[in-house]
Amino acid sequence: MGQVALNLARKWRSSNFKEIIGQDLVVRILQNSLFKNQFFPVYLFSGQRGCGKTSTARVFASAINCKKISEFQKNPQSCQIPCLQCESCVAMTAGRHPDFMEIDAASYTGVDNIRNIIDTSSFLPLLGERKIYLIDEVHMLSKAAFNAFLKILEEPPKFVVFILATTEAQKLPETVRSRCFQLFFNPVKLDTVAAHLENMCQKESIACDAAGLEFIAQVSQGSLRDAINLLEQARFADSKVTKSVVLSVLGYLDDRALYQLLSFMIQKNHKDMLAFFHELSKQTISTEYVVKRFVELLYDGIILKYSGEPKYFLDIPTELKDLINQMPMAQLVTYFDQICNLDMAMQKTSRKQLLFESMLLRLISRDEIGQLALGEEKKK
Ligand SMILES: [Zn+2]
């Protein structure tokens with residue numbers, strides 16, 4: 001058996017601009033900055049988690065100090081930066097560049113670390129042309145730390161570049177933010193994530209199918225890092241990465257099972273519904289997921305009924321559309337409201353599945369009582 005390469009996320013971390021996935025505009029702006037040799041003293045990289053901020057910052061830092069930068073500036077077609085071969089690039093790759101400092105503000109929120117940066121930033125760079133400070137999760141800095149930091153932002157040494165990265169740019173003081181050149185990192189598009197995963201699977205000889213990879217992309221919601229980590233888990237869970245393998249890794253249930261549950265409710269089929277829950281309790285399924293997904297399906301149903309334009313809802317499977325057609329609007333809305341409200345109650349109990357089960361039973365019974373009452377009315 002061949003050796004398994006561990007940790008895909010680390011192995012596939014971008015080492016040059018070409019390998020940065022789904023951030024074309026940001027890459028273009030940074031490459032132009034390198035070409036024109038014009039750098040802002042402070043860059044602010046903002047965007048959701050796992051979309052490439054830190055990797056891009058490291059690539060940009062490598063490129064700034066790459067020995068081939070002047071060659072690149074003369075003719076960008078002649079070479080690529082970072083070249084990954086010069087002394088500076090090699091030191092960056094090895095994580096021992098004397099002019100590159102990476103600080104995790106989530107672990108070092110205090111003012112002392114910022115004072116340390118202020119003290120060291122006045123010394124000339126040792127190996128490259130510039131000293132680069134990457135401050136990750138910068139919104140976590142304390143107020144005192146931000147105040148100290150402002151002083152250096154007002155008059156940064158010419159050879160210093162700061163790269164601040166954050167998932168929550170709105171938490172930065174306006175005085176700091178206004179001094180930054182802000183670059184927005186978009187959530188990586190679903191098809192871009194899926195295509196990247198497919199490429200990884202090919203190169204790493206991971207057996208997979210398109211539905212499995214698309215599902216990983218879908219649940220990762222624009223975070224490439226989350227997608228790669230999930231792919232990693234799934235490939236160790238089974239010999240082939242399929243949608244059902246990914247579902248079981250996540251403790252999720254296939255939508256078709258939920259359609260079945262809804263159909264039992266419509267038919268007021270207590271017996272099969274209880275059997276369904278009995279089966280569910282034997283598996284490691286997250287009840288929170290089942291409830292969340294069930295609510296989403298009901299919501300799709302409400303929107304479908306309101307719009308009356310099914311052609312706009314092509315992605316809703318026929319199976320679900322048929323079920324929705326059998327339900328009056330009032331019933332859909334009641335189910336949606338009641339199950340939505342479960343969320344709060346669920347946080348307070350460890351018996352989540354029982355709570356969900358009893359709620360569905362009550363909903364069916366209420367329908368029955370409603371219909372009985374309606375029957376009585378008719379008799380009168
Ligand atoms: Zn280089």
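Which helices are included in what covers the buried residues of helix 10? The cover includes helix 9, helix 11 (224–237) and helix 12 (243–250). The model shown in these views is predicted: local features need pLDDT of at least 70, side-chain atom pairs count only at pLDDT 80 or more, and totals for chains, interfaces and linings use all residues. Residues are numbered from 1 along each chain as its sequence is written.

**View 1. Overall arrangement of the protein chain.** The protein chain is divided into domain 1 (8–185), domain 2 (190–250) and domain 3 (255–379), with bounds that come from an automatic or database domain assignment. The C-alpha centres of domain 1 and domain 3 are 50 Å apart. The chain contains 18 helices and five strands; these are DSSP runs numbered from the N terminus (helices H or I, at least four residues; strands E, at least two). Its radius of gyration is 27 Å, well over the 21 Å that the globule rule gives for 380 residues, so the chain is more spread out than a compact globule. The radius is taken over C-alpha atoms, and the rule is 2.2 Å times the number of residues to the power 0.38. Along its principal axes, the C-alpha trace spans about 95 × 55 × 40 Å.

**View 2. The loop between helix 4 (69–74) and helix 5 (87–93).** P82 lies in this loop, and a cis peptide bond, with omega about -5°, joins I81 and P82. L84 lies in the loop between helix 4 and helix 5 as well and has a positive phi of about 70° although it is not a glycine. Most residues other than glycine have a negative phi, and most peptide bonds are trans. L84 is partly exposed, with 16 other C-beta atoms within 10 Å. A residue is buried if 20 or more other C-beta atoms, placed from the backbone, lie within 10 Å of its own, exposed if 12 or fewer, and partly exposed in between.

**View 3. The loop between helix 9 (190–203) and helix 10 (210–220).** S205 lies in this loop and has a positive phi of about 50°, although it is not a glycine. With 8 C-beta neighbours inside 10 Å, S205 counts as exposed.

**View 4. Helix 10 and its packing against helix 9.** The buried residues of helix 10 are G212, L213, F215, I216, A217 and S220. Helix 9 and helix 10 pack at an angle of about 135°, with their axes 8 Å apart. Axes are lines fitted to C-alpha atoms, for helices over the stretch in contact, and angles run from 0 to 180 degrees between N-to-C directions. The two helices are therefore oblique to each other; angles under 35 degrees count as roughly parallel, over 145 as roughly antiparallel, 65 to 115 as roughly perpendicular and the rest as oblique. The contact (C-beta atoms, placed from the backbone, within 7 Å) involves L190, V193, A194, L197 and E198 of helix 9 with L213, E214, I216, A217, Q218 and S220 of helix 10. Q221, which follows helix 10, has a positive phi near 45°.

**View 5. Helix 13 (residues 255–266) and helix 16 (residues 318–325).** The axes of these helices come within 10 Å and cross at roughly 20°. Helix 13 is thus roughly parallel to helix 16. Y259, L262, S263 and I266 in helix 13 meet E319, L320 and L323 in helix 16.

Methods. Contact = placed C-beta atoms within 7 Å.
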